[in-house]
Protein chains: 2
Amino acid sequence: MPREVRERQMMDAAVATFGQRGYRAASMDEIAELAGVSKPLVYLYLNSKEDLFTACIRREADALLAAVRAGVVEPDLAPDEQLWAGLTAFFAHTADNPDAWSVLHRQARTHGESFAAEVGAMRGELVDLVTGLLRDAGRASPASPDLGDRDVVGVAQALVGAAEALAGWANETPGVSAKEAASTLMNFAWTGLGRLLEGERWSAAVPGGRLS
Amino acid sequence: MPREVRERQMMDAAVATFGQRGYRAASMDEIAELAGVSKPLVYLYLNSKEDLFTACIRREADALLAAVRAGVVEPDLAPDEQLWAGLTAFFAHTADNPDAWSVLHRQARTHGESFAAEVGAMRGELVDLVTGLLRDAGRASPASPDLGDRDVVGVAQALVGAAEALAGWANETPGVSAKEAASTLMNFAWTGLGRLLEGERWSAAVPGGRLS
């Protein structure tokens, strides 16, 4: 079996174990057993528990970023539809990969500064991506000249923070689907609470996503 | 000097040291020196670095919750104005107490599950508080019968996540004030991105907070 295939199996087993049991409780024995290899082989390939965990964080952060980027890539979409596509991709990915999201959202942030810094880097890329989308949306809307650069970054920070919190909640709450979570956030973020309470909803079916 | 006064001085010194230097790097020597007491006295009063840090997290979580609760307590305010008051109180408190916010938002979440659980409990209380406000707002608005219980909790999760992310960003970004951060979030949350990009802004001066 080629090294990269075997390494991927070990990493899959590690993400499942770290995500379900937690970083501290997870043992290299369990990971090796789940991967169907010997423990010395895990150490040979991935060096230490710390290095293995770091490799898991990086792989899963890259996968999440790639999923979100793939979601917003359609250039023909209106700004709010791009945002909707990105949010849907984010929630679909975190729902489909609950162990990976647990590694990124819970485990990596809880067990020391070097792991937390890896997740911080991913977060920064998500904020940059959303900032770019919001700038494009602002340019497409001539009525918003006073939405300054700092405001845009602030809103992007708020949106990413909201998405992270919702994804954590959705994965821990039985019966909440990725689509529901994306819809909750899109209604909240795009339509605003004020209009939400008046009974309005954001809808991708309406041109520009705006309801009259 | 009474024990409680001395203990408060030690905790003040501990919050400043943990917040500025980080949990791992902070030493009991530094904390004792900053508090103007001997190191054995810190151990005598607060037992261990872990216990001292836990006591700091609890004290600062209680203080933040009390500040937010005091902000929303005015019963005559409209729902959006209560939300605005709560957000303003949250951002004012985190801005006025950057070391405490660093302890809660960065340090406590990064150094092990027992500390993270303390912050998780505070987060749960904030979500409950916001959920209650949103329920009241929903009841006051007859047009929103289909904003279900689960939606309300989801929106509360999103709003608290957004507020946490913005407070972290505001404290790390020179020149961003608490009021600006509160205003960014209120515009985003209440008015919605769709209307924000059309040039609208939420304003407490307009009855009900809604701009036509």
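Buried means under 20% relative accessible area, exposed over 50%, and partly exposed in between. Keep that in mind as you look through these views of a predicted model.

**View 1. A histidine in helix 5 of chain B.** B:His93 sits within helix 5, which covers residues 79-96. Its relative accessible area is 16%, so B:His93 is buried. Leaving aside residues up to four places away in sequence, B:His93 touches B:Ala63, B:Leu64 and B:Ala67.

**View 2. A:Asn47, in a loop of chain A.** Here the chain passes from helix 3 (39-46) to helix 4 (49-72), and A:Asn47 lies in the loop between them. Although A:Asn47 is not a glycine, it has a positive phi of about 75 degrees. A:Asn47 is exposed, with a relative accessible area of 51%.

**View 3. A salt bridge between A:Arg59 and A:Asp12.** The closest N and O atoms of this pair are 2.7 Å apart. The bridge links distant parts of the chain, with A:Arg59 in helix 4 and A:Asp12 in helix 1 (residues 3-21), 47 residues apart. A:Arg59 is partly exposed at 27% relative accessibility, and A:Asp12 is partly exposed at 37%.

**View 4. A salt bridge between B:Glu7 and B:Arg3.** Look for the closest N and O atoms, 3.1 Å apart. Because B:Glu7 and B:Arg3 are four residues apart in helix 1 of chain B, about one helical turn separates them.

**View 5. B:Glu60 meets B:Arg59.** Their side chains form a salt bridge, at 3.1 Å from N to O. B:Glu60 is buried at 7% relative accessibility, whereas B:Arg59 is partly exposed at 25%.

Key: Residues are numbered from 1 along each chain as its sequence is written. Chains are lettered from A and ligands numbered from 1 in the order in which they are written. This is a predicted model: local features need pLDDT of at least 70, side-chain atom pairs count only at pLDDT 80 or more; totals for chains, interfaces and linings use all residues. Side-chain values use heavy atoms; hydrogens and water are left out. Helices (H or I, at least four residues) and strands (E, at least two) are DSSP runs, numbered from the N terminus. Buried means under 20% relative accessible area, exposed over 50%, partly exposed in between (1.4 Å probe, protein chains only). Contact means heavy atoms within 4.5 Å. A salt bridge is a side-chain nitrogen of Lys or Arg within 4 Å of a carboxyl oxygen of Asp or Glu.
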